[in-house]
Amino acid sequence: MCSSDLFFALGTVIAYLNYVRNRAWYAAVLILFLLALLSKPMAVPLPVVLLLLDWQPLQRLRRDNLRQLILEKLPLFIMSLACGILTIIGQWHWGAVKDVASFNLAARVLVACRGLFFYFWKLVWPTWFSAYYPLFPEGMDMRLMNPEFLLPLGFLALVTLVALLSLKRFPLLLACWAIYILLLLPTSGLVQVGAQGVADRFAYLAVLAPIGLIACGGALVFERGRDRK
C-alpha cells in the first residue's frame, strides 16, 4: 500500500522530469507538491532534491544558470518554508517539540547521525522492527564515545569520503547520498518532535535514493557485461 505523501512526492518528481522536457508540466509539479505537503511535511526538502536532480543525473546545473534553476523552483521553496514553519508552530503548541534546554544541540546531532545509520542498516538488514524506538533507551550514555553514536558517525564519514573521492568519475553517488540525508532531515531529530528516536515509517521516501543508486549500478553492470559478449 502506498501512502498519500509518498504517492504525491513521487508524482512531483515524475512531473518535474517531464517538465524538464516540456514546460507545460509546471502546473502539475506545483499541484502535486502542494498535495504532498498537505499529506505530510516530510516532503518539505523536495525542492532541494529537485535541484540536486538538476545536477545529477539531469545535468542541467551549471555555474551560469544556478540562479535560473532556483527561481523556477521559488514557488516550491515558498510552500516548503510555509509548511515547515506551520508544522513547527503546531507541534510546539501541542507540546511535542523539545526545547534546547532539555535536549541540547550536540545530543540532537548524535541522534540525527544515529538515525541516518539506522535507516540504512534497516534497508540492508530488515530485521528487529519495532512499533516504538525510544529516544533515550534506559541507561543510554549520550556521549560521542558511546558505540551507539560512534559507529554511525564513522559510517557517515566513510560514505561521505567515498562519495567525495569518486565525485569526478561517479557524481551520482554523492547526489544520491545527499538526497538520502535531505529527505531524512525533517524527522532526523535536529528538531525533536515526540519521544521516539527513530521510526520505520520515516524512511520509505528517503531509502528510494540508495535503492535507485543500486538499480542504476546494476543496470550499468548489466549493460557493460552485454557489450563484452
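**Entry 1: the opening pair of helices**

How are α1 and α2 oriented to each other? I first noted that this is a predicted model, in which local features need pLDDT of at least 70 and side-chain atom pairs count only at pLDDT 80 or more, while totals for chains, interfaces and linings use all residues. Residues are numbered from 1 along each chain as its sequence is written, and side-chain values use heavy atoms, with hydrogens and water left out.

I looked up helix α1 (residues 4-21) and helix α2 (residues 26-39), whose axes come within 8 Å and cross at roughly 160°. Axes here are lines fitted to C-alpha atoms, for helices over the stretch in contact, and angles run from 0 to 180 degrees between N-to-C directions. The two helices, α1 and α2, are therefore roughly antiparallel to each other. For such words, angles under 35 degrees count as roughly parallel, over 145 as roughly antiparallel, 65 to 115 as roughly perpendicular and the rest as oblique.

I recorded the crossing of α1 and α2 as left-handed; the term applies if the near helix is turned anticlockwise from the far one by less than a right angle, and right-handed applies if clockwise. On the α1 side, the residues in contact (heavy atoms within 4.5 Å) include F8, A15 and Y19. On the α2 side they include V29, L32 and F33. By class, I found 12 nonpolar residues, four polar and one charged in the contact of α1 with α2. Ala, Val, Leu, Ile, Met, Phe, Trp, Tyr, Cys and Pro count as nonpolar, Asp, Glu, Lys and Arg as charged, and the others, Gly among them, as polar.

**Entry 2: the whole chain**

I then stepped back to the protein chain, which has nine helices and two strands. Helices (H or I, at least four residues) and strands (E, at least two) are DSSP runs, numbered from the N terminus. The order from the N terminus is α-α-α-α-α-α-β-α-α-β-α. Of the 229 residues, 39% count as buried; buried means under 20% relative accessible area, exposed over 50%, and partly exposed in between (1.4 Å probe, protein chains only). Among contacts with a separation of 6 or more, 70% join residues 24 or more positions apart.

**Entry 3: the nonpolar cores**

Which residues have the most contacts inside the largest nonpolar core? I found L46, V49, Y119, I179 and Y180, in a core of 43 residues. A nonpolar core is a set of buried Ala, Val, Leu, Ile, Met, Phe, Trp, Tyr and Cys residues joined through side-chain atoms within 4.5 Å. At least two residues of this core come from each of α1, α2, α3 (46-55), α5 (74-93), α6 (105-124), α7 (147-165) and α8 (171-184). Helix α1 gives the most, with seven residues.

Apart from the core of 43 residues lies another core, of six residues, including A163, L173, C176 and L213.

**Entry 4: helix α3**

I found α3 mostly covered, with eight of its 10 residues buried. Among them are L46, P47, V49 and D54. The elements covering the buried residues of α3 include α1, α2, α4 (66-72), α5 and α8.

**Entry 5: α8 and its partners**

I compared two contacts of α8. The axes of α6 and α8 come within 11 Å and cross at roughly 115°. That makes α6 roughly perpendicular to α8. Their crossing is right-handed. L116, Y119 and F120 of α6 make the contact with Y180, I181 and L184 of α8. These comprise six nonpolar, no polar and no charged residues.

The axes of α7 and α8 come within 8 Å and cross at roughly 145°. In α8, L173, L174 and W177 meet residues of α7 including F155, L156 and V159. This contact of α7 with α8 has nine nonpolar, one polar and no charged residues.

**Entry 6: backbone details**

Most residues other than glycine have a negative phi, and most peptide bonds are trans. I therefore noted the exceptions below. The peptide bond from Q56 to P57 is cis, with omega near 10°, and P57 is in the loop between α3 and α4. Q59 lies in the loop between α3 and α4 and has a positive phi near 55°. W128, in the loop between α6 and β1 (133-134), has a positive phi of about 55°. Q59 is exposed at 56% relative accessible area, and W128 is exposed at 69%.
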